[in-house]
Structures are given as structure tokens and as C-alpha cells.
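Try each task before reading its solution.

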Amino acid sequence: MEVEGMEDEGPSSQSELPHSEDLQSVQQESLHLDGSALVENVYVDKKAVDKLTEGFLTHYLPDLQNSKRALQELTQNQLVLLDTLDQEVTKFRECNALLDLNSLFTEAKMYHNKLVNIRKEMIMLHEKTTKLKKRALKLQQQKQKEALEKEQQREKELERERQLIAKPAKRT
């Protein structure tokens, strides 16, 4: 791979002398390590470090960028899913509101039917009372007529009796 190409370019063997800057950085690193353990000083060429870094980045950077894109895409998809889920929740709330509205309409229809039935009953009762009033008026008129006829009959009988009663004749 790329390691072979790096071996050709820079001095990476320990037999070559490193630059003074590299020596100082390596010595500082060895001082920072645990004092009880003996650390072997390793001299590394700066060009080699640069080449290794470049190789490392060229090897892993595309995968990391692909991963970053995949994560961004997943994040975008999650946002879309969240929006869709929010819309679905809104639809369910609207459906529940519609169910409540439907139940109100059903209840209103039921009460409307009850009112129509009550109105029909009231009309029927009004017709019956009107008929009963007419009948009562006819009966009252008939009774009055009968009473009048009886009265007339009695008067006729009284008149007849008066006529039947003998009248004393006048003497002349």
C-alpha cells in the first residue's frame, strides 16, 4: 500500500541522524513519561511523521467523510421522520376531534328526532282537543236544543191543559 511508497522517500532508519528539532521534541516527550520506567529514546524523522500522517489521513479520511455524510443523512432522515410523526399525531388529534364532532352531530340528530316526535304528538293532541271541543259544543247545543224542546213541549202541554180545563160558562 502506501507504506512502501513512504519507505523510499525519507530517512526512516535509526542509523540516520534526525534533525535537532526532532531530537528536542522526542527528549521532551521522554521527560514527560513516568520517571520510574526507563524509556528508550526513539528518533523519528519529521518527514516520516508527515508522510505517515498524510498516509493515515488519506487512508481514513474518506471513510470518515463517508461516515459524516451518512450521519448527516441519518440526521436529516430523523428530522423528516419527526416531522412526519408530528403530522401523524396532528392527524390523530384531528380524527379525535372529528369523532367528538361526529358524536355531537349524532346527539344533535337524536335530539332533533325527539323534537320532531314531540311536535307530531303536540299536533295530534291539538287535533284531538279541537275535535273534542267541537263535539262538546255540539253536545251542548244538542242539550240546549233538547232542553228548549222539552220546555216548549211542557209549555204546549200546559197550554193544552189550560185549554182542557173547563171554563165556567157565563150566564146571561
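**Exercise 1. Decide whether Y60 is buried, partly exposed or exposed, and find its aromatic partner.**

Step 1. Start with the scale: buried means under 20% relative accessible area, exposed means over 50%, and partly exposed lies in between (1.4 Å probe, protein chains only). The relative accessible area of Y60 is 40%, so this residue is partly exposed.

Step 2. A word on what you are looking at: this is a predicted model, in which local features need pLDDT of at least 70 and side-chain atom pairs count only at pLDDT 80 or more, while totals for chains, interfaces and linings use all residues. Residues are numbered from 1 along each chain as its sequence is written, and side-chain values use heavy atoms, with hydrogens and water left out.

Step 3. Now look for ring pairs.

Step 4. Helices are DSSP runs (H or I, at least four residues), as are strands (E, at least two), numbered from the N terminus.

**Exercise 2. Find which residues make the nonpolar surface patch, and which make the positive one.**

Step 1. Patch members need over 30% relative accessible area and no salt bridge; like charges are joined within 9 Å, and nonpolar side chains (Val, Leu, Ile, Met, Phe, Trp, Tyr) within 5 Å. Accessible areas come from the Shrake-Rupley method with a 1.4 Å probe, and for residues only the protein chains shown count as cover.

Step 2. F56, L57, Y60, L61 and L64 make a nonpolar patch of about 500 Å². L61 sits in helix α3 and is partly exposed, at 38% relative accessibility.

Step 3. For charge, Lys and Arg count as positive and Asp and Glu as negative, leaving out His and the chain ends; the charge is placed at NZ of Lys, CZ of Arg, CG of Asp or CD of Glu. K128, K131, K134 and K138 form the positive patch. Among them, K134 is in helix α3 and is exposed at 56% relative accessibility.

**Exercise 3. How many salt bridges does a search of the whole structure find?**

Step 1. Apply the criterion: a side-chain nitrogen of Lys or Arg within 4 Å of a carboxyl oxygen of Asp or Glu. The search finds three salt bridges.

Step 2. Go through them, N to O:
- K91 with E88, at 3.7 Å
- R154 with E151, at 2.9 Å
- R162 with E159, at 3.3 Å

Step 3. Check the spacing. K91 and E88 are three residues apart in helix α3 (residues 46-164), so about one helical turn separates them.

Step 4. R162 is exposed at 52%, whereas E159 is partly exposed at 35%.

**Exercise 4. What does the secondary structure of the protein chain come to?**

Step 1. The chain has three helices and zero strands.

Step 2. Of its 172 residues, 5% are buried.
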